[in-house]
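Welcome, and thanks for taking a look at this structure.

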There are 4 protein chains.
Amino acid sequence: MLNIGIIGYGYWGPNVVRGFTAIEGAFVKAVSDTNPQNLKKAKTLYPHVLALPKAEDLIKDKEIDIVAIVTPVSTHFDLAKMSLENGKHIFIEKPFTRTSPEAKELIELAKKKKLMIMVDHTFIFTGAVKKIKQLVDDGVMGDIYYYDSTRVNLGLFQSDVNVIWDLAPHDFSIIDYVIKNKPVAITAHGMDHFNRGHENIAYITIYFEGNMMAHLNLNWLSPVKIRATLIGGQKKMLVWNDLEADEKIKIYDRGVNVDDKEGLYKLLIDYRSGDMWSPRIDRTEALKIELEYFVECITKKINPINDGEAGLRVVRMLEATNESLKNKGKIVNI
Amino acid sequence: MLNIGIIGYGYWGPNVVRGFTAIEGAFVKAVSDTNPQNLKKAKTLYPHVLALPKAEDLIKDKEIDIVAIVTPVSTHFDLAKMSLENGKHIFIEKPFTRTSPEAKELIELAKKKKLMIMVDHTFIFTGAVKKIKQLVDDGVMGDIYYYDSTRVNLGLFQSDVNVIWDLAPHDFSIIDYVIKNKPVAITAHGMDHFNRGHENIAYITIYFEGNMMAHLNLNWLSPVKIRATLIGGQKKMLVWNDLEADEKIKIYDRGVNVDDKEGLYKLLIDYRSGDMWSPRIDRTEALKIELEYFVECITKKINPINDGEAGLRVVRMLEATNESLKNKGKIVNI
Amino acid sequence: MLNIGIIGYGYWGPNVVRGFTAIEGAFVKAVSDTNPQNLKKAKTLYPHVLALPKAEDLIKDKEIDIVAIVTPVSTHFDLAKMSLENGKHIFIEKPFTRTSPEAKELIELAKKKKLMIMVDHTFIFTGAVKKIKQLVDDGVMGDIYYYDSTRVNLGLFQSDVNVIWDLAPHDFSIIDYVIKNKPVAITAHGMDHFNRGHENIAYITIYFEGNMMAHLNLNWLSPVKIRATLIGGQKKMLVWNDLEADEKIKIYDRGVNVDDKEGLYKLLIDYRSGDMWSPRIDRTEALKIELEYFVECITKKINPINDGEAGLRVVRMLEATNESLKNKGKIVNI
Amino acid sequence: MLNIGIIGYGYWGPNVVRGFTAIEGAFVKAVSDTNPQNLKKAKTLYPHVLALPKAEDLIKDKEIDIVAIVTPVSTHFDLAKMSLENGKHIFIEKPFTRTSPEAKELIELAKKKKLMIMVDHTFIFTGAVKKIKQLVDDGVMGDIYYYDSTRVNLGLFQSDVNVIWDLAPHDFSIIDYVIKNKPVAITAHGMDHFNRGHENIAYITIYFEGNMMAHLNLNWLSPVKIRATLIGGQKKMLVWNDLEADEKIKIYDRGVNVDDKEGLYKLLIDYRSGDMWSPRIDRTEALKIELEYFVECITKKINPINDGEAGLRVVRMLEATNESLKNKGKIVNI
């Protein structure tokens with residue numbers, strides 16, 4: 001039985017607590033939050049759980065095996081470092097850290113201490129993303145031409161990060177998981193309409209090895225919520241609408257046949273427009289699968305796919321994005 | 001009665017012929033197309049119309065008052081110049097010309113000859129765009145924060161232009177018509193997946209005077225057709241989905257209340273999330289309204305809003321986009 | 001070359017005229033309408049066509065081979081009879097006639113005169129209905145359990161018929177074409193909210209041979225337009241949404257596995273919920289296909305599938321529906 | 001503090017337990033279920049709760065004030081009667097009972113014992129239904145012409161009831177709450193495709209006092225889930241799509257203007273087709289509101305709107321529906 005301590009019971013923390021509660025082989029021993037209101041809510045729903053105002057007390061509890069850090073990114077490094085130093089495996093919210101040196105230091109420390117880091121890239125455990133990865137890996141899609149994501153909604157404006165640090169980690173972690181081509185350069189444009197020092201709208205373009213590009217449309221000022229991704233492949237194209245209850249993924253037998261028999265300067269471009277197919281998607285809650293996987297990784301000493309290195313790769317893309325943004329869309333190599 | 005000659009009976013030409021046919025005060029006298037198949041189609045549907053293989057014969061017909069040029073952009077300048085020189089008013093497809101010097105020369109020539117130029121910016125005559133302009137002009141939207149358009153579909157790949165010259169003129173002409181802020185700089189990224197010398201995907205960001213930006217997502221490789229525009233204003237936000245039969249425009253009483261009473265460093269950001277409202281939209285065919293308007297402009301000697309100058313402004317944005325694209329997203333001032 | 005005369009240039013007539021105009025082997029010689037406004041419209045678009053105020057003059061024109069009757073149902077019998085007596089093939093709007101004796105008399109007369117009758121059951125020439133028929137005929141759907149159609153919109157209130165005579169012929173002709181089971185009984189409920197003597201809402205249930213039923217929800221008072229049909233089969237189920245531009249038909253690998261190994265009183269009901277598949281649908285205009293088919297039928301002396309007999313079967317269902325409606329939903333055998 | 005005991009921890013029971021857990025002034029003391037698996041689940045999530053295999057032990061627990069009966073309808077009467085006899089208020093799943101005599105007996109018993117009965121008509125506590133009631137009560141809709149509900153999905157086939165007893169209580173309770181006209185007669189048609197003794201498809205028509213009707217389309221064999229209701233009023237019409245995340249209710253300024261100035265036989269029917277408006281809907285969970293309301297009713301000795309009488313009215317409609325179904329759609333007066 002692994003004992004779990006969760007730091008942070010605000011927006012996402014309750015889901016992590018509920019998630020670990022339902023897993024065999026895990027026991028939620030303590031929850032900590034600096035906000036007494038949040039702590040009270042935890043205590044009402046889970047009367048048997050230790051409710052601690054100070055994260056430090058949780059981290060230093062000797063019976064705890066895993067510390068889940070579900071707090072703003074600015075606090076990640078210190079909490080994670082202390083947890084590792086106290087011999088805890090860590091489950092940590094995305095983005096992993098503010099900077100890549102921080103991420104590297106934590107990875108080194110975990111390696112030295114033989115502890116596991118799992119960065120909460122929840123999306124790669126959804127049925128939808130796993131299905132997309134399978135379609136790409138099995139060659140169904142053919143070579144990938146583009147990944148185009150629209151991830152917009154109204155708020156929540158966050159005080160310590162811009163819209164990129166809030167929303168882009170989702171796509172960056174999905175791209176890192178699904179796309180084999182390596183990203184080589186990033187460019188970003190954005191605007192801060194309220195002079196808060198943080199962009200509320202941003203457009204990111206990523207160039208990859210080979211003939212591939214990605215685009216992210218991120219917006220905290222949209223009247224409607226959209227979570228739609230188009231992925232164009234040589235053989236098939238797909239639309240992933242994450243807000244659909246059913247039919248989240250639609251795969252289109254559509255594409256372009258390029259015929260060069262008449263020579264380079266007279267390409268024949270011919271359209272295929274065939275059937276559409278929407279595969280059945282596993283609906284098991286992603287967080288549940290991810291937490292069970294973490295418990296399994298620790299028990300069987302397997303390195304998780306969403307380990308510190310994966311977290312670091314996402315942080316690197318965030319850093320490049322920020323640099324481009326500050327330099328009016330300059331192309332930044334990764 | 002104004003006599004009309006239409007050059008080009010390919011994709012859009014038949015609509016222009018049908019449109020002029022239904023207008024009182026206009027009579028379609030001649031159609032010209034270099035493709036005999038197209039000419040035959042015109043002749044079958046309109047047995048009384050003169051079907052001419054050579055545009056020159058149409059342009060030099062002394063009874064013709066208006067020449068409608070519905071041909072690829074590369075042919076626009078020569079056909080338009082000859083028409084103006086022969087004393088014809090011209091109705092010309094968007095984009096107006098390949099270059100801004102060409103556009104200026106035609107504008108000058110028309111002025112000298114006291115002839116009218118109307119550039120076919122059809123969209124600004126739709127019920128939807130007119131409603132949006134009214135909402136902006138009446139101050140219902142408040143200051144505009146952003147204009148974000150997704151205009152994607154599968155093909156048609158065109159041999160002489162890239163996806164930008166095909167699709168962006170729609171948005172550029174709408175922005176020119178609706179948005180009061182002036183565009184100051186453009187940046188564009190794109191990719192040509194088939195080595196045809198023309199991008200099939202492009203992402204354009206436009207910076208405006210004041211705190212406003214626009215974004216265009218253009219794609220010839222999308223499995224689905226999307227024509228969706230988000231416009232965020234200080235007071236209201238709207239979604240324009242042009243593929244909806246009803247409810248093309250939805251206006252959301254949603255936004256951000258920024259309260260700075262606690263000083264610059266402690267802004268209170270507060271969300272409004274109220275009702276949605278979808279106004280009834282005039283469904284009269286835009287092309288019909290536009291052609292009637294052109295006949296009226298000529299009869300009453302009024303300069304049309306979509307005159308050569310409007311066409312030139314769109315061409316300038318296209319030129320800036322091309323320049324940015326060729327320089328890896330360099331910011332190009334307009 | 002077959003010469004065509006069209007009676008009625010109101011709502012649907014212009015489509016029939018346009019349709020015949022585009023067909024090789026057919027020539028629209030005359031149009032007739034008692035309304036001078038309508039006649040004028042026809043004359044403007046087709047200056048070469050004979051525009052006749054009196055249907056009789058058109059019917060008696062010796063050069064005309066086919067008379068298309070596109071008028072209210074109350075005029076069908078007289079116009080059709082006169083046309084057949086004058087040796088014309090007839091293309092006639094649905095529903096064929098007001099009563100089954102009228103339909104039978106016309107069928108007899110046509111047989112005697114060796115003339116063709118085609119009833120304009122346009123829907124069975126759509127790509128969607130043809131695809132559904134193919135899926136049923138090929139056994140893909142398995143036994144059909146139900147056909148459930150919602151066909152509602154606002155207006156048009158018609159002066160001479162109720163909502164059933166306006167909308168039900170569509171479904172009746174589709175059912176007649178697609179479903180192999182024979183209808184055995186009909187029941188209908190409805191309401192006339194404005195005391196006009198004609199129901200504006202109606203609900204029709206049809207019992208078929210075997211374990212099958214159909215339901216029609218017809219409404220002239222709906223704020224939104226819906227054209228949605230669910231068809232449940234033993235092996236597959238489908239949704240046909242005729243207002244969708246793409247993906248009109250979605251076929252679901254969903255159903256019920258009934259396992260009776262534990263005996264009649266302990267059936268195991270088990271759900272299948274697999275993939276969804278949306279086949280590519282032929283988008284050719286149905287009316288075009290239907291009119292070409294009629295010309296072909298006449299030329300090759302083939303009896304059309306939508307002949308007078310098909311028209312009669314639909315009229316019989318309408319009669320039974322009316323009888324049930326007048327008797328408070330009494331079950332009426334067909 | 002009211003102590004709660006919940007009988008039944010299957011499909012809906014966990015929601016009732018979770019709901020009462022979160023209410024101040026209520027304490028979940030015991031859960032009972034005859035299925036040990038279900039009991040174990042309850043115990044894992046709520047270690048402090050008494051988990052009882054026998055409902056009787058829960059009912060006879062002297063500290064318990066409210067018994068929530070979340071079991072199949074066939075068990076309702078016995079459990080409710082025993083609970084009332086033991087002095088407990090009861091919260092009971094819909095439909096209240098199998099028969100109206102059973103419902104009347106429980107109502108009498110509760111009255112005698114001065115205990116409260118709340119029937120779980122959850123839907124009338126949703127933001128959507130409360131908004132609809134407000135629109136009707138405030139006269140915004142005008143006189144109601146029709147209520148038309150489509151409530152279809154795949155499964156769950158239930159062993160002890162047909163599709164009507166499963167799904168119709170939702171609409172019956174909403175109609176009872178929202179519509180002022182009294183229902184006077186019911187007719188129902190349905191089919192049992194698997195010879196299980198229970199219909200899996202049913203169509204119900206209800207006639208009301210005045211010029212109003214309701215229709216229910218219920219189906220356990222639909223490949224897609226639909227929860228859509230059209231309500232047509234003299235002044236406004238609305239669409240309630242309960243599966244929409246936002247914009248659940250759309251109100252259309254559409255309708256019919258009937259002008260009888262030319263006399264009864266020459267009514268002018270004129271269409272209004274104006275704007276659409278989607279009001280913001282309260283998203284608080286309905287069950288939470290309902291349970292808090294029950295606690296408040298007991299504390300303040302207020303009779304709930306969804307009391308035994310409301311439950312009885314729904315049972316009477318179910319009985320009439322069953323009688324019609326067994327008599328091939330006979331019209332049954334209520």
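Two residues are in contact if their C-beta atoms, placed from the backbone, lie within 7 Å. With that in hand, among contacts in chain A between residues at least 6 apart in sequence, 66% join residues at least 24 apart. Please keep in mind that this is a predicted model.

**Chain A as a whole**

Let us begin with a single chain. Chain A has nine helices and 15 strands. Its C-alpha atoms fill a box of roughly 75 × 45 × 40 Å, taken along the principal axes. A compact globule with 334 residues would have a radius of gyration near 20 Å, and chain A, at 21 Å, agrees with that. Of the 334 residues of chain A, 51% count as buried.

**Helix α4 of chain A**

Which residues of helix α4 (residues 76-85) of chain A are buried? They are His76(A), Phe77(A), Leu79(A), Ala80(A), Ser83(A) and Leu84(A). The partners against which the buried residues of α4(A) pack are β1 (2-7), α3 (55-59), β4 (66-69), β5 (89-93) and α5 (100-113) of chain A. After α4(A) comes Gly87(A), which has a positive phi, near 80°.

**A loop residue in chain B**

Now over to chain B, where Asn86(B) sits in the loop between α4 (76-85) and β5 (89-93). Asn86(B) has 17 other C-beta atoms within 10 Å, so it is partly exposed. Leaving aside neighbours within four places in sequence, Asn86(B) is in contact with Ile59(B) and Lys60(B). Asn86(B) and Ile64(B) are 22 residues apart along the chain, and their C-alpha atoms are separated by 9.8 Å.

**Two helices crossing in chain B**

In chain B, the axes of helix α6 (residues 127-137) and helix α7 (residues 163-178) come within 10 Å and cross at roughly 35°. The crossing of α6(B) past α7(B) is right-handed. On the α6(B) side the contact is made by Val129(B), Ile132(B), Lys133(B) and Val136(B), and on the α7(B) side by Ile174(B), Tyr177(B) and Val178(B). By class, this contact of α6(B) with α7(B) has six nonpolar residues, one charged and no polar.

**How the chains meet**

The contact between chains A and B takes 37 residues from chain A and 37 residues from chain B. On the side of chain A that touches chain B, the elements giving two or more residues include β7 (144-154), β8 (183-191) and β14 (268-278) of chain A. The element that gives the most to this side is β11(A), with six residues.

Chain A also meets chain D: four residues of chain A are in contact with four residues of chain D.

Finally, how do two copies relate? Chain A can be laid on chain D with an RMSD of 0.0 Å by a turn of 180° and a shift of 0.0 Å along the axis. The two copies are therefore related as by a two-fold rotation axis. The same surface serves both copies, as 100% of the contact residues of chain A recur in chain D.

Technical notes: Residues numbered from 1 in each chain as written. Chains lettered and ligands numbered in written order. Predicted model: local features only at pLDDT ≥ 70, side-chain atom pairs only at ≥ 80, totals over all residues. Least-squares fit on C-alpha atoms with pLDDT ≥ 70 in both. Helix = DSSP H or I, 4+ residues; strand = E, 2+ residues; numbered from the N terminus. Rg over C-alpha atoms; globule rule 2.2 N^0.38 Å. Buried ≥ 20, exposed ≤ 12 C-beta atoms within 10 Å, placed from the backbone. Axes fitted to C-alpha atoms, helices over the stretch in contact; angles between N-to-C directions. Left-handed = near helix turned anticlockwise from the far one by under 90°. Nonpolar A, V, L, I, M, F, W, Y, C, P; charged D, E, K, R; others polar.
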